[in-house]
Amino acid sequence: MGRALKLAELGLYTTDPNPRVGCVLLRDGCIVGEGYHRRAGEPHAERIAIDAAGELARGATAYVTLEPCCHHGRTPPCTDALLAAGVARVVVAVEDPNPVVDGRGLERLRAAGVAVTTGVLEGAARALNPGFYKRMRQRLPYVRCKLAASLDGRTAMADGESRWISSEQARADVQWLRARSSAVVTGIGTVLTDDPSLNVRLDPALIPALAADEPVRQPLRVVVDSRLRMPAPARMLPLPGATLIATCVEEPRAIAAMTSAGAEVRICPPNADGQVELRALFAYLAEREINEVLIEAGPTLAGAALAAGLIDELILYLAPHLMGDAARGLFRLPALARMEQRIPLAITDVRQVGPDLRISARPGVEPAIAPGSELPPVR
Ligand code: AOF
Ligand code: ZN
C-alpha cells in the first residue's frame, strides 16, 4: 500500500478534479502490475495495473489507495475490471466518498466472492485527497491560506508596500502549492496594489506525470471583487487558464468589459456588509468541482475567510526580519477583547524554506494534534 500511495502521489498535479489514486497488483510476493490515475478522462489506477499484469492478474491481490469505483463515469467501473481479470483479493486504504460509489464498490466485490480488506494506511490516503474528500462530504473545497510575514507577523509597510517579504525560495515553494490547487483565490485589493499573475510557472519537466509536450495545469484564478473594480488590463487576464471575478454588482456594461477582457463574471449573493458572501462563493466553487483552494490575499480577505470558518490550513512563511508595529498585520479581524476569544491554532508542520520558516497550522483546533498524524503532503 505504501508503494500504491507513492504511485498515487505522482498524480498530485494532474488528476484534478479526480482524486489521486494508485494501485499495485501482487502475486506470489511479486509485483505483477502497477499504475496510477494520471488525468480525468484517462484510465483509473486499477485499469492501468491490470493491463500491465495481463494474465498474471489472475489470483493476484490488488492494493488500491481508494475504493474501486462501481459506476460508469468518464471511464467504466473498476470493480468490473478487477472481476474480469480474476483478482482474488482487494486491499483498500479508504472508501470513495463519491455518493455514486460510497461503499458500493466494496459491496460489489464481496458479493462476487473477492476477499476485501479496508483501512490500510487510511490516514495517508485521505491526506492525499483532502479537497476531493471535503467536496464530496461537505460540498465545500479544502482551503489553504498562504501568508508571508516578517518574524513579528507584519505583511506590509503602512503604505501597503509588500514586495518582497519572503525569500525567492519561499516563493518557489508557493508555486507547488498553486500547482496542486484547483483554484487560487485573491481579493481585489491585492490585484489593485500588486497586479499578481497567480499562475503556475513551474518547468513541466519537474512534474513526472506530464508528457514532454504537455503544459502545466493552471488553477482557476478567482478574484473576490464585490464592487467590480477589476481593471481590464490586469496582468492575469490574458494568461493561460481561466479567471473568475466574483462580484455583487449586476451592471451589464461593466460585466461586458470584463468578459471581453477574458474573464468570467459570477454574481454572488452579498453578505450584510454588501460584500461577496464567501461561504456561498466557496460552495459554488465546489459545485464546479474545485477540490483544493489556495487563498493568496491580504489581511481583509484572509481575515474574512478565517472569521467565516472557511480555512482548513494556514501556511505561513515567516521571514527573518522585523517590520515594527506601524506595519500591517496578517488578518483583519473584529477586535478581540479577551484571551478566550483568541483563535486557536494547531501547528501541524514547521520547516525551513531557504532563510524563511514555514509553519502549517489548522485553525480552530484544540488541543494541538500530534505532528505528522494526518498531514496533507505539501509537495
Ligand atoms: C477508482 N480508481 O483511479 C480513480 C477513481 O469520470 P471517471 O470515470 O474518471 O470517474 C471519476 C470518479 O471515479 C471519481 O469521482 C472517484 O469517485 C473515482 N475515482 N476510482 O476506482 C481511480 N481515480
Ligand atoms: Zn475506477
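A salt bridge is a side-chain nitrogen of Lys or Arg within 4 Å of a carboxyl oxygen of Asp or Glu. Side chains of opposite charge can pair when their charged atoms come close. Keep that idea in mind as you look at this structure, which is a predicted model.

**Salt bridges**

Let's start with one example. Arginine 47 and aspartate 51 join their side chains in a salt bridge, with 2.7 Å from N to O; that value is within the 4 Å cut-off, so the pair qualifies. Where do aspartate 51 and arginine 47 lie? Both belong to helix H2, which covers residues 45-53. They sit four residues apart, about one turn of the helix. By the same rule, the count comes to 28 salt bridges.

**The overall fold**

Stepping back, the chain has 11 helices and 14 strands. Its C-alpha trace spans about 70 × 50 × 40 Å along the principal axes. How does the radius of gyration fit with the number of residues? A compact globule of 379 residues would have a value near 21 Å, and the chain has 22 Å, which agrees.

**Around ligand 1**

Now find ligand 1, which is surrounded by 18 residues. The closest are His44, Glu46, Arg74, Thr75 and Asp96.

| Residue | Part of the residue | Distance to an oxygen atom of ligand 1 |
|---|---|---|
| Asparagine 18 | side chain, N or O atom | 3.0 Å |
| Threonine 75 | backbone, N or O atom | 2.8 Å |
| Asparagine 98 | side chain, polar atom | 3.0 Å |

Taken alone, ligand 1 exposes 520 Å², and the protein buries 97% of that.

**A nonpolar patch**

Which residues make the nonpolar surface patch of about 470 Å²? They are Leu151, Leu322, Ile347, Val350 and Leu357. You can find leucine 151 in the loop between strand S6 (142-150) and helix H7 (168-180).

**Two backbone details**

Loops are worth a look too. Aspartate 16 and proline 17 are joined by a cis peptide bond, with omega about 5°. Proline 17 is in the loop that runs between helix H1 (2-9) and strand S1 (22-27). Further along, aspartate 195 has a positive phi of about 45°, although this residue is not a glycine. The loop that holds aspartate 195 lies between helix H8 (188-194) and strand S8 (220-224).

How values were computed: Residues are numbered from 1 along each chain as its sequence is written. Chains are lettered from A and ligands numbered from 1 in the order in which they are written. This is a predicted model: local features need pLDDT of at least 70, side-chain atom pairs count only at pLDDT 80 or more; totals for chains, interfaces and linings use all residues. Side-chain values use heavy atoms; hydrogens and water are left out. A residue is near a molecule or strand if one of its heavy atoms lies within 4 Å of it. A polar contact is a pair of N or O atoms within 3.5 Å; within protein, one must be able to donate a hydrogen and the other to accept it, and residues adjacent in sequence count only if both atoms are side-chain atoms. Accessible areas come from the Shrake-Rupley method with a 1.4 Å probe; for residues, only the protein chains shown count as cover. Patches are made of residues with over 30% relative accessible area and no salt bridge: like charges are joined within 9 Å, nonpolar side chains (Val, Leu, Ile, Met, Phe, Trp, Tyr) within 5 Å. Helices (H or I, at least four residues) and strands (E, at least two) are DSSP runs, numbered from the N terminus. The radius of gyration is taken over C-alpha atoms; the globule rule is 2.2 Å times the number of residues to the power 0.38.
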